[in-house]
Amino acid sequence: MTLTSLSGAAVGAGVALFAAVNPLAQQAPAPAAPAPQTAAPSAPGAPAQPPAPDMNRYYQIGPDSLAKDGVPKGEVRGPFVIPSQAYPGTQHTYWVYVPAQYDAAVAADLMVFQDGQAFKDMEGVIRAPNVLDNLIYRRELPVMVAVFINPGRTPEQPEPTPAQWGDQTTNRPTEYNTLDDKYARVVCDELMPELYKNYNISKDPDRHGIGGASSGAIAAFTVAWQRPDQFHKVLSIVGSFTNIRGGDAYTDIVRSSERKPIRIFLVDGRNDNRGQGRGGTYDPRRDWFLNNVRLMQALTEKGYDVNYAWGMNTHGQRMGGPMLPEMMRWLWRDHPASTDVTDMVERSFNEAKVKTGAARFEPAVAAYEAADRQKMPAAGAILLAGDSQFYRWKTLSEDLGGYTAVNRGIDSFQLSDLLVFADRLVLPYKPRLIVLHAGGNDIHNGRTPQQVTDDFKAFVARVRQTMPSVPIAFTSITPSPGRWSEADVRMAANKRIQSYIATQPNLLYIDLWDAFLQPDGRPRADLYVEDQIHPNHDGYLLRVKIMKPILGAPEKR
């Protein structure tokens, strides 16, 4: 059978050659992939056979997969972990790529990569973050959030890595290769709500893509097939549409089903696993290339929007990695573009979004998350969250000797900002007590006492969703000399919050206002540093004296 590729996709010129990753080599039932560097054994006394050719040697990553000077870099956040209801007892680790152009006020597109550890690996042959940086900057892709999600595992099992994709150590074979709706539930019902909660992502399935390599590719197709209400774009690299767990049935399933609104780009190679067992027996149901071609033909017959490229590669990402930029362009080829000759925004590079509002604190929040990845604080500590009065408390461990405290204060933070970042600055720590100091910057920047109170109520409600009984202590806005002109508004905000706290269980109000005043009713300048806004060490010690009754007994003596 002669196979003619309809794809116009071209592999870009590259600068480096990388070893192929073959996750299916670890799936015990699968036939071994061809060994391109190993010759067949010679009979005794026969001359040695030359090594088999390397069928991947011409596949090299191109310029769109490399970091470029002047191109704004997106941020890969995480890892984050979500427990699974679809597969009880397991959890999924994921990372989120947020482009430099992301604007929380504008809905972004979405791409979800299975085997996330491999697609975000910046030493591998895919390097998806670089691809997204480059293509978004040149407006060849819309602004999009991308997710790199790993297969599920129990807490005791190791996280997959670029060297070990988890076929023998995680739930990957079951989740990715089974043709049911369970993995679709992981993505659509467990992952997506978390994304919508933290990012402004379009809910239009035309703006959602999902992809993967090998078993991750058939998993991506299964998600779109089961949930076309969520995903319309599929990216498949050496997809395992074979009889690992009945995946070769998709050809007949596609032909016998009504057409779904799915656009798909398939990439595979003539030297992929070809269903030839060690004894020489050929099993067409285990032939990766054959079944990718059969699926393409079925999709084409049914009128699907399908593109494909067949190469010479073996199993892995050696062709698919360099092809990723072209695959992404094709999948999003009809994203909106202005033809107005006077639209100089459209005719300019897509520069990084200037951070305003809460977004300007993203680097500070990300820095705390990076520290947590190095060493996560133990649960059950006292968590301090809020503004610069906590951020600048450099003698905290000394002043609160005996207590375990985690300080997540941020300079210039407002209560409204803390509400935006609560999922990342508060909830991960599972504290025994949350102590807040915020609101002063809100008042200084024009928010009303009622708005500050409403933000505090919203913060409490958010915490109560996951920690219904943890005590939350609000330390009152203080009477700093440098902002004494705001005293009346500050006192009004304190009074409103104090009144609300009095009606709620497990909320505490710590009154610092009167303690920071002189007998004449004006603020004590001796408790502040030179700027007359932030407390000095004496001011922090006074705060500790007032706070201690609610801290409980020290953990360490």
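Biologist: Which residues lie nearest the centre of the second largest pocket?

Modeller: Bear in mind that this is a predicted model. The second largest pocket holds about 540 Å³ of space. Its lining takes in 24 residues, and the ones nearest the centre are Y102, A104, N198, V420 and F421.

Biologist: OK, and which element gives the most to the lining of that second largest pocket?

Modeller: Two elements give two or more residues to the lining of the second largest pocket, α4 and α12. With 6 residues, the one that gives the most is α12.

Biologist: How do the lining residues of the second largest pocket split by class?

Modeller: Polar residues number 4 in this lining. The rest of the lining of the second largest pocket is 9 charged and 11 nonpolar.

Biologist: Let's move to the largest pocket. Which element gives the most to its lining?

Modeller: The largest pocket holds about 930 Å³ of space. Its 27 lining residues include F80, V81, D423, L427 and P428, the closest to the centre. At least two residues each come from β1 (75-83), β2 (91-98), α4 (182-198), α9, α12 and α14 (449-466). With 6 residues, the top contributor to the lining of the largest pocket is β1.

Biologist: And how many of the residues lining the largest pocket are charged?

Modeller: By class, that lining has 13 nonpolar and 5 polar residues. The charged ones in the lining of the largest pocket come to 9.

Biologist: α9 and α12 both turned up there. Are they roughly parallel or roughly antiparallel to each other?

Modeller: Helix α9 (residues 362-374) packs on helix α12 (residues 415-425) at an angle of about 15°, with the axes 11 Å apart. Angles under 35 degrees count as roughly parallel. So α9 and α12 are roughly parallel.

Biologist: Is the crossing of α9 and α12 left-handed or right-handed, then?

Modeller: On the α9 side, the contact uses E362, V365, A366, Y368 and E369, and on the α12 side F421, R424 and L425. Those contact residues divide into 5 nonpolar, 3 charged and no polar. As for the way α9 passes α12, the crossing is right-handed.

Note on methods: Residues are numbered from 1 along each chain as its sequence is written. This is a predicted model: local features need pLDDT of at least 70, side-chain atom pairs count only at pLDDT 80 or more; totals for chains, interfaces and linings use all residues. Side-chain values use heavy atoms; hydrogens and water are left out. Axes are lines fitted to C-alpha atoms, for helices over the stretch in contact, and angles run from 0 to 180 degrees between N-to-C directions. Helices (H or I, at least four residues) and strands (E, at least two) are DSSP runs, numbered from the N terminus. Angles under 35 degrees count as roughly parallel, over 145 as roughly antiparallel, 65 to 115 as roughly perpendicular and the rest as oblique. A crossing is left-handed if the near helix is turned anticlockwise from the far one by less than a right angle, and right-handed if clockwise. Contact means heavy atoms within 4.5 Å. Ala, Val, Leu, Ile, Met, Phe, Trp, Tyr, Cys and Pro count as nonpolar, Asp, Glu, Lys and Arg as charged, and the others, Gly among them, as polar. On a 1 Å grid over the protein atoms alone, a cavity is a set of points where a 1.4 Å probe fits but cannot get out, and a pocket is an open set with protein on both sides within 12 Å along at least five of seven lines; lining residues have an atom within 4 Å of a point. Grid points are joined across faces, edges and corners, and a volume is the space filled by probe spheres set on the points.
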